[in-house]
Amino acid sequence: MTAITRPTRWSEPFGEGMAADVAARLLAVEPFRSMDPAAFPPKLPLRDLLAGDTRIVKYQPGDVILLEGDYGNSAFLLLHGTARAALERLEGVSESAKPSLVSKIVRSVAQSLAFHRVPEVRRPAQIHPGAGGPLAARGERDTTRLFLQDVPGVLDASQTAVLRAGEVFGEVAALSRTPGVATIFAETEVVALEIRWQGLRDLMRYAPAFSEHIHRLYRENSLAAHLRETPLLSGLSEQELTEVAAATRFQTHGNFDWHAELPGSSGDVADGDETLFERIAREPVVAEEGQPPPGLLLVRSGFARVSRRRGDGHQTTAYLGKGQAFGAAELAATLLEGQPAPLTHSLRAVGYVDLLRIPTEVALELILPKLGPESLLELASDTDAALPARTLDYLVDRRLNNGTQAMVIDLDRCTRCDDCVRACAQTHDGNPRFVRQGPTHDHLQFANACLQCVDPVCMIGCPTGAIHRDGETGVVRINEPTCVGCSTCANSCPYQNIRMVDVREPGGAIVVDESSGLPIIKATKCDLCADQLGGPACQRACPHDALVRIDVAEITPLAEWMETGPADAAVDDPATEPGAAHE
Amino acid sequence: MTRRRTKRRVTNAAVLAVGVAALWWVVQAMDARLVCAPYWTGYALLAVLVVLAVYNARKKFASLPLGSGAAWLQLHLYLGAGSAVLLLVHTGGRWPNGWLEGFLAAVYWLTFVSGVVGLYLTRAIPRQLARTSEEFVYERIPRLRREVLAKSRSVVLQAAGDAGATTLADFYTSRIDPYLAESRGGVYTMRPSSSMRRALMRELADLKRFLDQAELVASEKLFALVRKKDDLDFHESRQSLLKRWLFVHITLTCLVLVASVAHGLLALSMRGGPG
Amino acid sequence: MRRLFRNENHDEVEYDRPSLPWVCGHAAEGCPCPLGPTRRGRCPEAPECVPARVGDAWQCTRPASRGGPCDQADEGFDDSLGGSGPTPDGQCCRVNRCRPTHSLRVRRGRIAAGAALFSLGLLLFLLGSPWRNDVLAPGGLTQAHARLLSPAKDPNRCAACHPGGVDAVLGVAPADKLHTTQSQLCVACHESLIDPQLALAAHGLPEAELRRRGDAALQQVAAIGLPDGVGNDQGVACAVCHQEHHGPGHSLTAITNQRCQACHAERYDSFAGDHPDFGNWPYQRRTRINFDHNTHASKHYAAAGEAFDCAGCHQDAPGRDTKLLVGYTQGCARCHDKGIQASRGEGLAVLALPTLDRAAITAAGEALGPWPQAATGDYDGELPAISKLLLAADPAARAALDRLGADFSFFDLDPDSTADGRDAATLAESLRNLLAEPPRGGHGALLKRAASLATIDAPGDLAGSLPIVMVQAARARWFGSAATASPAVSAFEKAERQPAGGWLIDDAGLALRYVPRGHGDPLLRAWIDLAASLDGDDADLGAAALAELAGPKSVGQCATCHSLESRGPSLARDFSGAPGGGAFVNWRAYDARDARRSFTRFSHRPHVTQPELADCSHCHSLDPSAGPQGGAYASLDPRDFVVQFRPLSKAACTGCHKPNAAGVGCAQCHHYHIQPPTHLGDDFALLPRPSRAESDSVSLPKRQPR
């Protein structure tokens, strides 16, 4: 275990040295002007916050500010100039649509017939952004920026909305870690203030008006949709939904920057000498066991640990992810027995968690009655976790509960024949896209294959949006031509499931950048064989039922798989899975 | 062993049994109709052999949806068992007394046995491997072993430097370093044993009382490194076994195919009877 | 650079690429170079970076992904890889060199392919080598074949049984070779044992015959269609049952019961069980010699005070599995010679002159030519059977005979009938000519007459060495002018005087007589055969002759023991085959040696060795209650007869013939290949013609002229 020092706030300032006077001038601009500096805690003055967590960005006409499908990381305050938000998908801007069945077949056959003697071969077209497309790149590496080559053309071709100075955009994506819904690009020369989400959150925390503004935006745009997707609320009518939406409160717990901290690496011993229980105790409590339920809590994003005090420790009984609810059991009990039932479990934020709180009374009168009595009873009956606590702890500590398509290998059956790896290579032009290696727990190995995270932090800060979530399948993929090899994603992936590779030309020679002489590198990761027939080749190839791609964000699939063996829990068409769970 | 697999095993075995029964009945019927059954069982046998051999070829077409590898393995296993019965029926339970036929029978049964052995290995070894501290990829083991060696050396050097005593260093150079540097021989590959590791650890434990603080710390690290080296050796031997039994099995399979095709051609061109 | 969950083993590592054919030579030492072998498997020997010039200094540009610039001492620094930092002339200080090796999988593939190629090559080599036959043969031959066939090394050895031989395998066999079937090759060698034309037919029988046997099973077969080749013109290939190449010890003739039941759909679960009992087998016809076991046992032997011992007549055939009957001299002569001697009497009249009524003949308007005085008066006297047969050759006489009836006597002629008169004259005339012939034509003349009605190919000694002079003398005496005085000695005395038999002249009876030589007299045999063989127009002529020659009162009384049998379709089942029509006489007793191979086989030898079976009566026990069989022999059909033995039952066999004792396989007691009766083998004239439809389905192999 090599422990590294926990990075402190602003140790790497966002804007490269934003001059103090600029920050000062910002204070004169809405919405900051109407904020009350006194409301900010002394260790976190508004001015420093602006200096540390924002930066001024200048865009040329046509520059893409936010890319559709790109992973929101920052909110933008338009300071000068006008930008356009494309109200419909821009042709060729986001990843092209799902390949047709025919092309899939052709591709598969071609794959199986090809024999690759050298790794990572690319055709020139696969190295640079397609010349034909509307997008081109300028700048290099981290500072690379995409721009629309033909702005008037785009304006004619597609509906766009005008954004003017003073308008804030990208905040929802930034706060809820959802892919951007629209491409936003500069129409004129644009000066914008980019506020990274860390700052954004603090602004919301200490500037109620601002947060009110943001939340209003969210309520208007996405809340109803989110509620509608929640199973508990499926019975409600539109009108009731809007009522619930109106009553819903937002709350955030924990450190949004979860993937930067270093939880323990083994199930029971954390770094240094912090024990599991100490760490659990350190995790921000959302709702305390024994207290009356604060209401029906829906996880909007992030993760939470459900635990119960046992002995002088806390036994993890479940973890919650996006879309799951807490407190329903107690509320159901309340409704059944007619008297308030206290919480039987505690809810703690793991890393961070964004919650929607539907007040108790609303839940009791609008939501729970809609469920039939038997489902109420089912809810009320507090069922034990399907997995042992230590496994749960392990998953949570490793944030493996982030994975909807984790590659789990049963080492008791795996003969290390590497059929999975070769199958993977087969389906990716002779290049494996995962490493049959990784954290092991009991006889389960969580191999280094992309988990298809609920919260894909890898997508944060991709300069070109090359790594994106496929609109149709929800699979997080890398669009290689636009990948500039900045390694940001590879570095932010907490599971090391993205690897940078040296690109070679068909002859086998490594392609180098003529200016720097450095090899061209591309980020590569598992794409769940989205372009292939029949789902992940690794899972299909395993002759011993040892390997499975499985949704760990839920507890049951893994439990079932360990219980009844393979294929029961195995996801048959993973291409649709993550999408279904997280659109 | 999960419920699911038990169920699968039962159903497959049942199917196999039915198949064998049907085969037996058909052959009896053929004989009673004066049909020369061996020709037909021969064709069937060849077909089965091809299907069995295709199992390996299928891996080269992983990108095509040709059914799951697990399903293929099941087919391979039970069809393999069936082929043995088919062969017995084909030869009438006699050991063939021609040169070619004798050779064919010999390689077939060798293949069969190697298959059974392989099945045992693929079921038994993984559990042994899973019991070790860590998981190692076969191709990386040499590199890891090297790292262990390098690390151990630096640890000892540092200890020696800090402590100014060479007690640990001497013991290390005489006993541990050779152990960490060597790669185990064939005997170990066949029957890995931790005896050597335990002996070393015992000696190291005995040595402890003579070590000073720095050396003690180092010795603790050495314990871990020795254990890891042992795990590496264990993994290497077991995994190489898992990989190499296939050498035998596949090679024999090729022989079987060649010989059986030759045998088939001869049998047909030399076939007596009308026409 | 942020890293979570750091772990030495799977941190910062490249993808494992097990499917690549080449592995860096340094991989074994654990430090594969990041470049890896070229696609041809050579080491690129490339520097780790291309140093960049910064101001007047060179700077290492090794990317972070490969450990970053090498000028700061990097972890795991290894001098063998070179120094650190670019060389003064701006070259990279580190150039990895290795000899790339094949990946595990490639090696495995090569070994497998190599093994396959080697075995293939070895096979081809052996095919070209002197051991070719050993390689090709799926097993050793049975001793017999191995000994007969050309030497083991002969390249053409296979061709002896396999059309085209090895060339067929190589596909270079001449077409004509391939047109012959293997079975034809088998039969070509075995034709002495098995009729080539019927060799492949089921049971070696033409299908018509097969069906005529009306086997229930076969009815069914007809319904379900015969199995492979049974009854079609291909026939059942030899190889269907006779499987070679199972080594010297292997039995070529072994056959399972199911295979019999391929056609014989009537299933027998076991021999002791529902296998039908033997019925009257083995007593399926009367004995050829009319030998009454009962009377001999109870009367004759008893009277002679001898023990009636089977072995007296039924003796082991030397070196065979059958019993043989002893001949007349050994078996019967002792008692029967006297009788036969006694039956000679005055001998058999061959030529005799009847007494004719000259007046009546004249009255009838005919002229009786010269005729002995002693033989004129009222019609009287007989024509001996042989004379009649001889006269029948003369058309005029034949007509007369036909009118008077084959068995007429002159005594019955009516003096007032002109017809009788005319016939008498004709016969007299014909008789004179007959007497006159031998002196001119010798025996030939007589034989010519016989041959004119004989239907048998090879008539025996009909002339019986009749001395011509004796005929002349007789004519002289009887028709001489000087009528002789009545003779001194009677014919009887004369006969007495010549015990060895021979000819004599009976002057009193005006007859030429023959005295048989004893048992098996050739002349008698010849004339009886002749008479018996007559049928059609000559039938009653023959019958009359038989009545006289073979009747109970006849000279020699041959027919009392030698049974007469008719020939013809009714006897199609009788395999004792005899040519021509009419009837024949069984001069010889049954001889197992010329029995043809039939469906059932039984070997006495292994059985009688069992002490309890040593006594024949264990199986063949006489049935005293059975009536005398003599009467039945009047019939010409050998199948109506009195069985004097108690029926032989399965029970006698089942004691030993159990599955795990003496065995109960079909083939143990039944032959598959049988010899069809000769009179079937040649042509099937005697078979009922198959119906039109049937004859279509039946296609008998045509016999090529040899």
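Is C:C558 buried or exposed? I looked this up and found C:C558 buried, at a relative accessible area of 15%, where buried means under 20% relative accessible area, exposed over 50% and partly exposed in between, with a 1.4 Å probe and protein chains only.

**Ground rules.** I am working with a predicted model, in which local features need pLDDT of at least 70 and side-chain atom pairs count only at pLDDT 80 or more, whereas totals for chains, interfaces and linings use all residues. Residues are numbered from 1 along each chain as its sequence is written, chains are lettered from A and ligands numbered from 1 in the order in which they are written, and side-chain values use heavy atoms, with hydrogens and water left out.

**Cysteines.** I searched all chains for disulfides, meaning pairs of cysteine sulfur atoms within 2.5 Å, and the count came to zero. I checked C:C558, which is in no disulfide, the nearest cysteine sulfur being that of C:C561 at 9.3 Å. For A:C424 the closest cysteine sulfur belongs to A:C529 and lies 6.0 Å away, too far for a bond; A:C424 is also buried, with a relative accessible area of 7%.

**Chain A by itself.** I noted 19 helices and 24 strands in chain A, these being DSSP runs numbered from the N terminus, with helices (H or I) of at least four residues and strands (E) of at least two. Of its 583 residues, 60% count as buried. I then took the contacts (heavy atoms within 4.5 Å) between residues at least 6 apart in the sequence of chain A, and 76% of them join residues at least 24 apart.

**Chain A against chain B.** I found 39 residues of chain A in contact with 32 residues of chain B. The buried area, which is the accessible area (1.4 Å probe) that two parts lose on being put together, summed over both, is about 3,000 Å² for this pair, and carbon and sulfur atoms give 47% of it. On the chain A side, A:R413, A:R416 and A:R540 lose the most area to chain B, together 22% of what that side buries.

I also asked for salt bridges, defined as a side-chain nitrogen of Lys or Arg within 4 Å of a carboxyl oxygen of Asp or Glu, and the rule finds four across the interface of chain A and chain B. I looked at A:D545 with B:R8, a salt bridge whose closest N and O atoms are 2.6 Å apart. The elements of chain A that give two or more residues to the side touching chain B are α3 (101-113), α15 (419-427), α17 (537-541) and α18 (556-564).
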